[in-house]
Amino acid sequence: MAEQIQMESNNKYPDLKKYKFRELKIYSSTEWLANNKKKYRQVFDRWETSYVYAELSFYNKHFDQEEWEVEVELKCFSLKKGKKELCLLPFQRKVSKYDNIVYIREGWGNKSEGVFWKKGTYSWEAYIEGEKVTSKYFYIEDAGKDALKIGNPYIELHSYRLYEGPYDDVMEDDRTYYKKFDGSSIRYIYAEILLRNIHFDKSWQCELFVKFLNDAKELKGQVVRLQKIDQKDNDFIKITAGWGSNVKGSWRNDNYTCELVFMDQLMGSIPFEICDKYEEGTPAVYMPSKSGPIYFPNSDDEDESFEDLMVKMDALVGLTEIKEKIRDHAKYIQFLQLRKEVGYEEKNSINVHSVFIGNPGTGKTTVAKMIGRLYRKMSLLSRGHVHVVDRVDLVGEYIGQTAPKVKNAIEQARGGVLFIDEAYSLVRSAEDTKDFGREVIEILVKEMSDGPGDVVVIVAGYPKEMNKFLDSNPGLNSRFKHHFEFSDYLPQELSQIATYACKEMEVTLAEEAKLKLDEIIVNAYRNRDRTFGNARFVYDMVEKSKFNLGLRVMKLESPKTLSKEILETVEGYDVSKIVIKPNRELPNIPIDEELLHESIAELNRLIGLEKVKEQIIEHVRLVRYYRETSKDVLNNFFLHTVLIGNPGTGKTTVARILTKIYKALGILERGHMVETDRQGLVAGFVGQTANKTAEKIQEAMGGVLFIDEAYSLSNKSNTGNDFGDEAIQTILKRMEDKRGEFFVFVAGYPDNMEAFLKANPGLSSRFDKMLKFEDYSSHELLNISLQMFEDKSIFPSPEAEEHLVKYFDFLYNYRDKYFGNARTVRQVVIEGIKNQNLRLAALTPDERENISSNVLLMEDVGEFKLDTSEFIFNTKKGIGFRRRGD
């Protein structure tokens, strides 16, 4: 009973437990290793296994406090046919207060090897104080009695080499193999292991230990790879395992060894060196069964000639002009090399830095890789690989971070090609001194001018932006002698690419599917803009077709019995199901007649603005007609609006009313308006503006984003930064991506807004509605003032009103583009009421009893003089509403 209470207490209050589970490991050899360790494994050969042990370890939470007793159970199960218990090992142990970590080791089996354990899957389960804490699988394999004594009956080593990369590994095509590594830039060292499966069982578990040891044979790191091998798999198995850190400096200059261990047998080891520079190549492999070093053949085509490479280049679809230009350029380089060989000085070094101009998916990266291999074959580069980077890889967030990132990228590319995609993004503005992208360009220019060489820089991007990029630094344009223009693929070329993509994805197109896919390609080509994906688009279409094929097949009865032809043939139905650009279904909200009537009435109560009111009413009628006839409002109108007018003409007020009208018409989900300006969208540092703008847009989702003085986004600040353009680009993209989910209203002065809309071609096309707010007439200014007075329960006397009529006529006649309209009226009203209050405050309470407190007299407005000499600037028609002493 006490034990049950203790167990329930442990489960309910885990902090009361006297232990903390650490680990469960498995081994079969009783040999002791250093630091109280065993030869831990999960895969064992039947004929070398007598007992299989479980090592349970846990932390003693009462360490250095008291002794206590623990109840432990270890259970072993066979999982071959269901779950069958093989043993239950219960025991009670005393835990010493001097043991920080407690180890419990028990095993099961038979003293004779090969007797108890048979091929299959097993597991150990551990229980502490009645609570299951963990379980772990292990596997018994059977290659035949005494098979391990005469060799390895499971796998043969066919290739073993090393490469460097980040934590998340490197794609196989991008790997470069080394014998020596640069200790200053290395991160992870990976072993690439190619094994041949010679154990032709239906399936078995392969467990490999990859160990990295220093020159003193101390273990630096170990990676365990457990992989299931199926008979249906290819004969060869490729496994990678790496050790290191993304923080450079974890590898010291020294001699190291990478060892490969399988079932406690050393299969091979590679010695390598960490030093001051990389040395490419495949190192020698030392195997216990061989007397000397083994050099596995390199899988790269080391023997391919220049012409072999050009044949591969010619095999690329399209790119006719590019191929011809590269061939001519390569021949000219060979000509210069020939001249050097016969004694010509050729003082100028061969310039091979290039500019690639073109839209996405036009083959720029593919050609860059081919060029790297060509230059390597021509001895211009030592390695010929391609290191692809973009702005994120090169530009730091803070001062001092950019230079190390750029230099590291250059060293990673040393011996090959540094390919900078969207290189134009390094230049935000010619006057922008805060953008660290300029620092990248300066370092690149220096590297291309007087660097150690053995690197080719290729910059890529759109034509217009790349011209701006090349003009951003006086020395940049002259460093790039070769310009390659990648045109969009033609429809027939894209169709060829589709055939190649099908071959890669192991599918075939039925005749109808081929026709439908070609139709999609032609339509996409006709409607393309500069963001058209070209080959990427085609690959995406083939992949989606394959996906639809999979969905269709899995709906059939007994898909496992279908023929190979059915499983690989894409039908016309599969292609027709492709959705090029899915439309988000917007909510169908009925018209709120009461809110619409209320909003229009509020609009009509505004003084003046007759043309603006007329435009809005017409628009309401049109939208109502579309709603009533079930036409798609949001795909026929952008409803993004430009409000142009001088200060105080009612732009913000009308924007708020228009937002309510759109809400009433059911075309806004929430119907709120988020008001902001440049300060609310633009940040002070690189990379922050896009996030800040995106947050404001998210806040406006379902409503309206109102940007006052929007023209300031296209103006340069005093520091010269161009972050306003980044805000504009972010807004434009969201207006397109989130069409119908929110609207943008921009407001500002006429001249400024005209320049703003012309500053970016994408702006004017996104705004299909423009409301122009004219200056109020003098009569309208008077009516606005009377309404403001009335709102404060103040009523001008006939003399005071007559003076206000003359004063507003005077202001209107002398107004300029800075005239404040209703804002000026508000200042007049505030000043008049203040004068009236001061007049009443000067009277005694008895005197006030006989005087009306809500009448504005002539003496209250008498300070508003009809005299231009009162203007602060009186050399011409002034602003008209500012007076000395204000």
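These legends describe close-up views of a predicted model.

**View 1. Four lysines form a positive surface patch.** The members are Lys80, Lys81, Lys84 and Lys118. Look for Lys81 in the loop that links β4 (68-78) and β5 (84-95). Lys81 has a relative accessible area of 80%. That value makes Lys81 exposed, because exposed means over 50%.

**View 2. Three residues make a nonpolar surface patch.** Leu338, Val342 and Tyr344 build this patch. The patch covers about 320 Å². Leu338 belongs to helix α3, which runs over residues 320-341. How accessible is Leu338? Its relative accessible area is 48%, so Leu338 counts as partly exposed.

**View 3. Cys87 is in no disulfide.** A disulfide is a covalent bond between the sulfur atoms of two cysteines. To count here, two cysteine sulfur atoms must lie within 2.5 Å. By this rule, the model has 0 disulfides. For Cys87, the nearest cysteine sulfur is that of Cys76, 5.0 Å away. Cys87 therefore forms no disulfide, because the cut-off is 2.5 Å. Is Cys87 buried or exposed? Cys87 is buried, with a relative accessible area of 4%.

**View 4. Cys206 is a buried cysteine.** The relative accessibility of Cys206 is 2%. Buried means under 20%, so Cys206 falls in that class.

Note on methods:
Residues numbered from 1 in each chain as written. Predicted model: local features only at pLDDT ≥ 70, side-chain atom pairs only at ≥ 80, totals over all residues. Heavy atoms only, no water. Patch = residues over 30% accessible without salt bridge, like charges linked within 9 Å, V, L, I, M, F, W, Y side chains within 5 Å. Areas by Shrake-Rupley, 256 points an atom, 1.4 Å probe, with all protein chains shown as cover. Salt bridge = Lys/Arg side-chain N within 4 Å of Asp/Glu carboxyl O. Lys, Arg positive; Asp, Glu negative; His and termini not counted. Charge placed at Lys NZ, Arg CZ, Asp CG, Glu CD. Helix = DSSP H or I, 4+ residues; strand = E, 2+ residues; numbered from the N terminus. Buried < 20%, exposed > 50% of the residue type's maximum accessible area, 1.4 Å probe, protein only.
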